[in-house]
Amino acid sequence: MNGAQDAVSETGSTMSGARLASNGSRTSVRRVWAHLATGQKTGALMIGALILFALLEALLHPADPALQNLDNTFAAPSWGEPLGTDQFGRSMLARMGEAVRISMFLGLLCTLSSALVGVGLGVLAGWRQGAADRLVSFFVNILLALPGLVLILLMAALAPGSLTMLYVAISLVLWVEYFRVVRAVTRTAVASPQMQASRMLGFGTLYCFKRHVWPAIVTPVLTLAAFGAANSILALAAVGFVYVGLQPPTAELGLMMVELFPYYSDAPWVLAQPVLAVFLMIFAFNLLAGRARR
């Protein structure tokens, strides 16, 4: 009986802890949201709306984005096809949903990967300095010898149509900005009197990082992440526009633009859709990267 009571008590404690953790998460989200400026909130809402569109399209409109119907070429928007059809009679709603999913997925994945690598190496170089700093800085100078977009185009041309190669190429270019900013901020934080005092008092590396380095780098890293996502989406559209990115019949925004451009006078509303999607995504991430409210 006592064991059952203990189990019930332990379960109750666990549930109370879970509720407290959930309440704490909601409170943190509210605090972050309240700290954002109006422009940043607008950008976040636009990104959320685009992600919601991409997810709902896959769930509620299970049409094949590559299925052709030449009898239905450039059909005007209707209840059945709210965004009309393209030059091959393919559903523009299905193609736009797939294109936004690919762009968002690749943009966020490249941002996460490049941020992890850039922040890790930046903290290492700025904190340890010496040989580690010189070695990573030398590699960065080699990467900077080629413009980023040229490097992405070269790597994409090696394996046309490979999403993995595009992911590697874009991530390889993006991490450099994180490294340079984090390295500079970390060097300043390590040399600060507060950091020196913590070391003299015997605090460990993890404490010094959480107390002095992380608060200094988190804001510029989040700003770079928002710009990085926009740059990733723009780079994917750019390589698609010059036909070295994803290949037909994959629905990709840059590729859709170059395919629909010859028909701009016949169906301008169809060409406008991928252009508008790229504009909204880049505009939303740039708004999100704006200055936070003080």
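Trainee: What makes the meeting of the Glu 177 and Arg 180 side chains a salt bridge?

Mentor: A salt bridge is a side-chain nitrogen of Lys or Arg within 4 Å of a carboxyl oxygen of Asp or Glu. For Glu 177 and Arg 180 the N to O distance is 3.9 Å, so the pair meets the definition. Please note that this is a predicted model, in which local features need pLDDT of at least 70 and side-chain atom pairs count only at pLDDT 80 or more, while totals for chains, interfaces and linings use all residues. Residues are numbered from 1 along each chain as its sequence is written, and side-chain values use heavy atoms, with hydrogens and water left out.

Trainee: Where do Glu 177 and Arg 180 lie?

Mentor: Both are in helix H6, three residues apart, about one turn of the helix. Helices are DSSP runs (H or I, at least four residues), numbered from the N terminus.

Trainee: Why is Glu 177 called partly exposed?

Mentor: Buried means under 20% relative accessible area, exposed over 50%, and partly exposed in between (1.4 Å probe, protein chains only). Glu 177 has a relative accessible area of 40%, so it is partly exposed. Arg 180, at 43%, is likewise partly exposed.

Trainee: What does the salt bridge between Arg 187 and Asp 133 tie together?

Mentor: Its N to O distance is 3.1 Å. Arg 187 lies in helix H6 (residues 163–190) and Asp 133 in helix H4 (residues 130–144), so the pair ties together parts that are 54 residues apart in sequence. Arg 187 is partly exposed at 32%, whereas Asp 133 is buried at 7%.

Trainee: How many salt bridges does a search of the whole structure find?

Mentor: The search finds seven.

Trainee: Why does Leu 59 count as exposed?

Mentor: Its relative accessibility is 67%, and therefore Leu 59 counts as exposed. Leu 59 is found in helix H2 (residues 38–60).

Trainee: Which residues have the most contacts inside the largest nonpolar core?

Mentor: They are Met 104, Leu 253 and Phe 285, in a core of 28 residues. A nonpolar core is a set of buried Ala, Val, Leu, Ile, Met, Phe, Trp, Tyr and Cys residues joined through side-chain atoms within 4.5 Å. The largest share of this core, eight residues, comes from H10.

Notes: Helices (H or I, at least four residues) and strands (E, at least two) are DSSP runs, numbered from the N terminus.
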